[in-house]
Amino acid sequence: VQLQASGGGLVQPGGSLRLSCAASGSIFSINAMGWYRQAPGKQREFVAAVSSGGRTKYADSVKGRFTVSRANAKNTVYLQMNSLKFEDTAVYYCNAGRWVSGTIDPDSWGQGTQLTVSS
């Protein structure tokens, strides 16, 4: 599965941004898509995921601010990010895989897209 992410950029605190990620290739092998992020000097961490059936999972740090959704017909996953904070600054990685035990078990990764929250 190939993943192409887009939508990163520079946003002020409190602002909003939407990331998109389109999947292609062996998409029959996946039933979940999602996002991880990696801030400078930190490990990559889970952000959000959505199953093909619409089930979702969020990291506690983004609950209530971020919304993950999926357009199955377009094999695309979105991450709507609202009320952005400085600590949301990171490289965001799209991923795809299987929905296991209420979250994603990713086995494919896209290139990262940078989000910078700065005033």
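**Values against cut-offs**

Guide: Y36 has 16% relative accessibility, so Y36 counts as buried. Keep in mind that this is a predicted model.

Visitor: What makes 16% count as buried for Y36?

Guide: Buried means under 20% relative accessible area. Y36 is at 16%, so the label buried applies.

Visitor: Where does W109 fall: buried, exposed or partly exposed?

Guide: Buried is under 20% and exposed is over 50%, with partly exposed in between. W109 has a relative accessible area of 36%, so W109 is partly exposed.

Visitor: How many aromatic pairs does a search of the whole structure find?

Guide: The search finds two aromatic pairs. One of them is Y36 with F46: ring centres 5.6 Å apart, planes at 80°.

Visitor: Why is the pair of Y36 and F46 called edge-to-face?

Guide: Ring centres must lie within 6.5 Å, and planes over 60 degrees apart count as edge-to-face. Y36 and F46 have 5.6 Å and 80°, so the pair is edge-to-face. The partners come from distant parts of the chain: Y36 from strand β4 and F46 from strand β5, ten residues apart.

Visitor: What makes Y36 and W109 a pair?

Guide: The limit for the centres is 6.5 Å. The rings of Y36 and W109 have centres 5.1 Å apart and planes at 75°, so this pair is edge-to-face. Y36 is in strand β4 and W109 in strand β10, so the pair ties together parts 73 residues apart in sequence. Y36, F46 and W109 form one aromatic cluster.

Visitor: How do you know that R44 lies over the face of W109?

Guide: CZ of Arg must be within 6 Å of the ring centre and within 35 degrees of the ring normal. R44 is at 4.8 Å from the ring centre of W109, and lies over its face. R44 also lies over the face of Y93, at 3.7 Å from the ring centre.

Visitor: How do you know that C21 and C94 form a disulfide?

Guide: The sulfur atoms must be within 2.5 Å. Those of C21 and C94 are 2.0 Å apart, and the two form a disulfide. A search of the whole structure finds one disulfide. C21 lies in strand β3 and C94 in strand β9, so the link ties together parts 73 residues apart in sequence. The angle about the S-S bond is -85°, and the link of C21 and C94 is left-handed. C21 and C94 are buried.

Visitor: Which residues have the most contacts inside the largest nonpolar core?

Guide: They are M33, W35, L79, M81 and Y92, in a core of 35 residues. Elements that give two or more residues to this core include β1, β4, β9 and β10. M33 touches residues including L3, C21, C94 and I104.

Visitor: What makes S51 buried?

Guide: The cut-off is under 20%. S51 is at 3% relative accessibility, so S51 counts as buried. S51 lies in strand β5. Among the residues that S51 touches are R70 and W99.

Visitor: How do you know that β1 and β3 pair?

Guide: At least two bridges are needed. β1 and β3 have five bridges, in the antiparallel sense. Q2 stands opposite S24 in β3. The covered face of β1 has L3 and A5, and the uncovered one has Q2, Q4 and S6.

Note on methods
Residues are numbered from 1 along each chain as its sequence is written. This is a predicted model: local features need pLDDT of at least 70, side-chain atom pairs count only at pLDDT 80 or more; totals for chains, interfaces and linings use all residues. Side-chain values use heavy atoms; hydrogens and water are left out. Helices (H or I, at least four residues) and strands (E, at least two) are DSSP runs, numbered from the N terminus. Buried means under 20% relative accessible area, exposed over 50%, partly exposed in between (1.4 Å probe, protein chains only). Contact means heavy atoms within 4.5 Å. A nonpolar core is a set of buried Ala, Val, Leu, Ile, Met, Phe, Trp, Tyr and Cys residues joined through side-chain atoms within 4.5 Å. Rings of Phe, Tyr and Trp (its six-membered ring) pair if their centres lie within 6.5 Å; planes under 30 degrees apart count as stacked, over 60 as edge-to-face and the rest as tilted. Lists of a residue's contacts leave out its neighbours within four places in sequence.
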